[in-house]
Amino acid sequence: MPVLPGAEPFRHEGGEVGVLLCHGFTGSPQSLRPWARYLAARGLTVALPLLPGHGTRWQDMQVTGWQDWYAEVDRELRALRERCARVFVAGLSMGGALALRLAAKHGDAVEGVMVVNPANRMHGVAQHALPVLRHLVPATKGIASDIAKPLSTELGYDRVPLHSAHSLRAFFRLADGDLPQVTQPLLLLRSPQDHVVPPTDSARILGRVSSTDVTEVLLEQSYHVATLDHDADRIFARSVAFIGRLAPGSVGEPEPGLGKEGTAAGG
């Protein structure tokens, strides 16, 4: 199936500091594209891949699992490391969990971690039924577009494929076990009003990582997809300040036009 317009991956060749952005479960690069463009406009090298099974139709995701999604961001990180002297990882929701596991597994190869409303586990009664339910029902109601800002929408599936949800549940358990291995500086931004990921997920992450340089920022005006919400500019500015503090001289003045367009790549 062709990639949905707007769901294409994004890449920009900038300076010697790179940032890998990871989108969320059933979402697409569209949810992080403004962030990617903001970073690219300031001279950073940026990679925002499209995760396998995403950005087309939910049926395509049904045959993918966490191993596929993690392998994609792992490959992108290794490619950035070949190109850049320093690399940061970032993510939204499940993308936050992917970024944290990359930090845990790659150690000093990752300079710092930035996560927005990171997910850490599944909640509710339904998760316990997934091992059986996924063989009876192919999908359930989607979770996209939890956004407070009027007219702002997320390009994501309107259905959640249950085979993939079952795999995500397994990944969360694995990623949670890796959290003590995360030692890098951490910037965690979260929305108190989040209808997808509860605040307990961020609290658990903050309580389990071994990072000593930790900054938590509350996004009071936004829901789950805060990168497309009222606090988006605040997220972008805080991330640039975080990168600039850890990699002095890496962030430049905005390049005209790039903050809006950047470079979209089809693969």
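## Salt bridges in a predicted model

Asp178 and Lys105 pair their side chains in a salt bridge, with N and O 3.7 Å apart. Asp178 belongs to helix H6 (residues 162-178) and Lys105 to helix H4 (residues 94-106), so this contact ties together parts that are 73 residues apart in sequence. Asp178 is buried, at a relative accessible area of 8%, whereas Lys105 is partly exposed at 44%. Keep in mind that the model is a predicted one. Its salt bridges number 13, and three of these pairs are described here.

Let us turn to Arg11. Its salt bridge is with Glu76, and the closest N and O atoms are 2.5 Å apart. Arg11 sits in strand E1 (residues 10-12) and Glu76 in helix H3 (residues 66-83), so the pair links parts that are 65 residues apart in sequence. Glu76 is buried, with a relative accessible area of 5%.

Helix H3 also holds both Glu72 and Arg75, which are 3 residues apart, about one turn of the helix. Their side chains form a salt bridge too, at 3.0 Å from N to O. How accessible are the two partners? Glu72 counts as buried at 16% relative accessibility, since the cut-off for buried is under 20%; Arg75, at 44%, is partly exposed.

| Salt bridge | N to O distance |
|---|---|
| Arg11 and Glu76 | 2.5 Å |
| Glu72 and Arg75 | 3.0 Å |
| Asp178 and Lys105 | 3.7 Å |

Finally, shared partners connect salt bridges into one network made up of Arg11, Glu72, Arg75 and Glu76.

Conventions: Residues are numbered from 1 along each chain as its sequence is written. This is a predicted model: local features need pLDDT of at least 70, side-chain atom pairs count only at pLDDT 80 or more; totals for chains, interfaces and linings use all residues. Side-chain values use heavy atoms; hydrogens and water are left out. A salt bridge is a side-chain nitrogen of Lys or Arg within 4 Å of a carboxyl oxygen of Asp or Glu. Helices (H or I, at least four residues) and strands (E, at least two) are DSSP runs, numbered from the N terminus. Buried means under 20% relative accessible area, exposed over 50%, partly exposed in between (1.4 Å probe, protein chains only).
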